[in-house]
Amino acid sequence: EQVSGSYVSDDLRDREDDILWRVRFRDRWLYLYLLLEFQSTVDPYMAVRLLTYLGLLYQDLIKQQATTETGKLPPVLPIVLYNGKSRWTAATEFLDLIEPAPGRLRDYAPHLKYLLLDEGAIDESAPWALRNLVAALFRLEKSQGPGPLHDAISALIDWLAAQEQASLRRAFTVWIKRVLLPGRLPGADLPAMADLLEVKTMLAESVIEWTEDWKRQGLEEGRRQGWQEG
């Protein structure tokens with residue numbers, strides 16, 4: 001479930017509702033601190049930003065007296081999602097950003113490591129049987145034609161068949177229609193699609209026409225780049 005992030009710094013204030021979630025893990029809540037701004041460029045000091053955000057989060061939890069049954073603060077998993085063309089090169093451990101200190105001074109430096117999800121580093125040869133929804137989302141975003149889209153959506157329909165997955169099916173459907181397809185086919189008149197099965201059917205019916213559109217867009221982009229380089 002979503003958790004209020006009203007404590008966050010000004011640069012995240014406008015999207016605070018998308019940042020912080022908590023999930024039920026066995027018999028307790030696990031807080032997940034998600035940085036959902038699919039960054040297109042590498043931030044060399046991302047670990048510093050996350051350290052600041054986590055400090056603000058823990059201060060807020062202390063004010064709310066939202067500690068565990070033992071009186072301790074809940075665990076947090078910092079996650080960074082990245083979809084830039086080049087691979088992520090920034091340090092994922094805060095300590096790696098600090099100049100090594102003499103003696104035991106380094107022992108007193110703060111530690112923070114975040115989980116990096118680098119879209120471009122996903123193994124494209126991995127079988128769909130892995131049922132990794134994050135990898136599926138990234139493959140959809142990187143797809144360059146209706147064929148790969150059709151295959152990915154077919155897999156999602158199979159994975160998310162259970163009734164309790166209805167909200168996930170709906171989320172994927174809305175994202176594909178409102179974000180993915182308009183970005184691939186700007187100006188296209190998309191039909192109404194209420195679920196993933198309708199998206200799959202639409203793709204199957206439009207595969208020939210859309211393949212030609214994708215090829216045409218690729219040729220036009222290639223010409224533009226050639227003119228710019230020339």
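In this predicted model, helix α2 (residues 133–142) and helix α4 (residues 166–184) have axes that come within 10 Å and cross at roughly 20°. Angles under 35 degrees count as roughly parallel, and α2 and α4 are therefore roughly parallel to each other.

**Helix α2 with helix α4**

- Where α2 passes α4, the crossing is right-handed.
- On the α2 side the contact is made by L133, L137, L140, E141 and K142, while α4 brings L168, F172, W175, I176, L180 and R184 to the contact.
- Sorted by class, the residues of this contact between α2 and α4 comprise eight nonpolar and three charged ones, with no polar residue among them.

**Helix α2 with helix α3**

- The handedness of the crossing of α2 and α3 is left-handed.
- From α2, the residues L133, A136 and L140 take part in the contact, and they meet L149, A152, I153, L156 and W159 of α3.
- The contact of α2 with α3 holds eight nonpolar residues, with no polar and no charged residues.
- L133 and L140 of α2 are named in the contact with α4 and are named again in the contact with α3.

**The second largest pocket**

- The second largest pocket has a volume of about 280 Å³, and its lining is made by R22, R24, D27, R28, W29, Y31, A66, T67, T68, E69, T70 and P74.
- Two elements, β1 (20–25) and β2 (28–39), are those that give two or more residues to the lining of this pocket.
- Of the elements, β2 gives the most to the lining of the second largest pocket, contributing three residues.
- Classed by type, the lining of the second largest pocket consists of five charged, four nonpolar and three polar residues.

Definitions and conventions
Residues numbered from 1 in each chain as written. Predicted model: local features only at pLDDT ≥ 70, side-chain atom pairs only at ≥ 80, totals over all residues. Heavy atoms only, no water. Axes fitted to C-alpha atoms, helices over the stretch in contact; angles between N-to-C directions. Helix = DSSP H or I, 4+ residues; strand = E, 2+ residues; numbered from the N terminus. Parallel < 35°, antiparallel > 145°, perpendicular 65-115°, else oblique. Left-handed = near helix turned anticlockwise from the far one by under 90°. Contact = heavy atoms within 4.5 Å. Nonpolar A, V, L, I, M, F, W, Y, C, P; charged D, E, K, R; others polar. 1 Å grid on protein atoms, 1.4 Å probe; cavity = no way out; pocket = protein on both sides within 12 Å on 5 of 7 lines; lining within 4 Å. Points joined across faces, edges and corners; volume = space filled by probe spheres on them.
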